Amino acid sequence: MKTGFYTNPIYLEHDTGSHPENANRLRAILERLESGGLMEKLKVQPGRAATTAEIKMLHAEKLISEVEAAAVSGAKMLHTQDCVISSQTYNAALHAVGSVLDAALEVAERRIDNAFCAVRPPGHHAEYETAMGFCFFNNIALAAEFLTRKMGFQRVLIFDFDVHHGNGTQHFFEERADIYFVSMHQDPRTSYPGTGFADERGSGAGSGFTLNVPVPPGMEDEKYLQTFYANVQPKLLEYNPDFVLISAGFDAHRDDPLASLNLTERTFRELTMELKQLAEKSAGGRIMSLLEGGYDLNALSSSVQEHLTVLQNDD
Ligand SMILES: [Zn+2]
């Protein structure tokens with residue numbers, strides 16, 4: 001079996017101009033995987049558009065119609081200044097969700113080893129009825145919802161290593177125990193979106209099933225990985241997930257212009273190895289990852305290359 005690699009030309013047509021979340025991010029990833037010889041080892045898939053019924057598993061119908069209307073009407077943004085929109089944004093956002101759901105199904109049924117979805121727009125900031133932080137529909141949350149509601153998984157782990165807190169994902173699931181949201185991110189007092197404090201741990205039936213591990217600006221690989229091994233990994237093992245999802249943002253890299261952590265490719269490689277081993281131990285190997293942030297083209301493309309090298313390695 002192979003690692004699935006989901007990407008579609010429509011993602012390049014979500015045209016955000018000079019915004020940091022732009023199509024050159026994907027172009028840089030594709031070029032790096034081609035030139036490094038990794039692409040030919042992957043099962044490359046175009047994915048498909050999600051249906052509105054699939055988006056409505058979690059999002060308000062109002063949000064769906066607002067994204068569509070904004071794209072059609074030629075609006076420049078939706079809800080917040082940082083959610084830049086173009087004529088193909090709605091189409092691209094539907095395809096991002098569709099690809100992620102396809103990948104989840106393929107991995108669930110073991111038709112591919114695992115998967116990485118190189119999608120745009122990203123998703124982890126998107127809330128029930130609000131676009132925010134470059135995100136319109138919450139791709140990873142919809143994958144987790146699909147896996148629990150439609151596929152019968154009972155302990156889905158979402159590990160979010162994007163440098164920003166995945167507020168949208170947390171809010172969808174903070175009252176549930178069947179989806180464990182774990183996020184390591186830059187201290188919210190110093191970083192967008194200002195949530196993700198350690199005392200946000202879920203509530204009701206979901207009490208204890210949200211884990212936020214904020215880390216201070218300037219943190220480097222060694223300290224970050226120590227924090228992971230000491231404060232995070234034991235809880236992941238204890239949860240014993242039956243599916244592992246990764247919100248893979250690479251903006252904690254030291255070269256990233258939007259945040260202040262000082263990680264290198266080493267951390268992304270090591271985290272990927274640990275999460276893959278966790279999946280092999282408890283989830284029959286079921287792991288899939290999808291792109292969130294990462295805004296330095298070089299750092300992003302080499303970090304994705306490391307991430308995928310680990311995912312597709314059989315050893
Ligand atoms: Zn981010």
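What makes the arrangement of the four donor atoms around the zinc ion irregular? The donors subtend angles of 52 to 153°, which makes it so. Four donors count as tetrahedral if all angles lie between 85 and 135 degrees; four count as square planar and six as octahedral if opposite donors are over 155 degrees apart and all others between 65 and 115; anything else is irregular.

Before going on, note that this is a predicted model, in which local features need pLDDT of at least 70 and side-chain atom pairs count only at pLDDT 80 or more, while totals for chains, interfaces and linings use all residues. Residues are numbered from 1 along each chain as its sequence is written, and side-chain values use heavy atoms, with hydrogens and water left out.

**Stop 1: the zinc site**

Select the zinc ion with Asp162, His164 and Asp251. The coordinating atoms are Asp162 (OD), Asp162 (OD), His164 (ND1) and Asp251 (OD), at 2.0 to 2.8 Å. Donors here are N, O and S atoms within 2.8 Å of the metal (3.2 Å for Na, K and Ca); water is not among the atoms, so sites may look incomplete. Along the chain, the donors of the zinc ion follow the spacing D-x1-H-x86-D. Histidine 164 and aspartate 251 link distant parts of the chain, 87 residues apart. Histidine 164 sits in the loop between strand S6 (156–160) and helix H6 (167–173), and aspartate 251 in the loop between strand S9 (243–248) and helix H8 (265–282). Helices (H or I, at least four residues) and strands (E, at least two) are DSSP runs, numbered from the N terminus. Both histidine 164 and aspartate 251 are buried. Buried means under 20% relative accessible area, exposed over 50%, and partly exposed in between (1.4 Å probe, protein chains only).

**Stop 2: the aromatic residues**

Next, select Phe159, Phe161, Phe228, Tyr229, Phe250 and Phe268, which form one aromatic cluster. The whole structure holds 13 aromatic pairs. Rings of Phe, Tyr and Trp (its six-membered ring) pair if their centres lie within 6.5 Å; planes under 30 degrees apart count as stacked, over 60 as edge-to-face and the rest as tilted.

Show phenylalanine 159 and phenylalanine 161: with ring centres 6.4 Å apart and planes at 55°, the pair is tilted. Both of these phenylalanines are buried. Then show phenylalanine 159 with phenylalanine 228, where the centres are 5.8 Å apart and the planes at 90°, so the pair is edge-to-face. Phenylalanine 159 lies in strand S6 and phenylalanine 228 in helix H7 (residues 221–239), so the pair ties together parts that are 69 residues apart in sequence. The relative accessible area of phenylalanine 159 is 0%, and that of phenylalanine 228 is 1%, so the latter counts as buried too.

**Stop 3: the nonpolar core**

Phe159 also belongs to the largest nonpolar core, which has 98 residues. Such a core is a set of buried Ala, Val, Leu, Ile, Met, Phe, Trp, Tyr and Cys residues joined through side-chain atoms within 4.5 Å. Select Phe137, Phe159, Leu236, Leu245 and Met288, the residues with the most contacts inside it. Helix H4 (residues 89–108) gives the most to this core, with 12 residues.

Now select helix H5 (residues 139–149), where 10 of 11 residues are buried. Among them are Asn139, Glu145 and Thr148.

**Stop 4: glutamine 186**

Glutamine 186 lies in strand S7 (residues 179–186) and, at 4% relative accessibility, counts as buried. Its side chain has a polar contact of 3.0 Å with that of threonine 190. A polar contact is a pair of N or O atoms within 3.5 Å; within protein, one must be able to donate a hydrogen and the other to accept it, and residues adjacent in sequence count only if both atoms are side-chain atoms. Leaving aside neighbours within four places in sequence, glutamine 186 is in contact (heavy atoms within 4.5 Å) with residues including Val163, Ser191 and Leu261.

**Stop 5: aspartate 178**

Go to the loop between H6 and S7 for aspartate 178. This residue is partly exposed, with a relative accessible area of 24%. The side chains of aspartate 178 and arginine 176 make a polar contact (3.0 Å). Beyond four places in sequence, aspartate 178 is in contact with Thr148, Gln154, Arg155, Val156 and Tyr239.

**Stop 6: helix H9**

End at glutamine 312 in helix H9 (residues 297–312). Glutamine 312 is buried at 18% relative accessible area and touches Thr3, Leu38, Lys41 and Leu42, not counting residues up to four places away in sequence. Serine 302 lies in helix H9 as well and is buried, at 12%.
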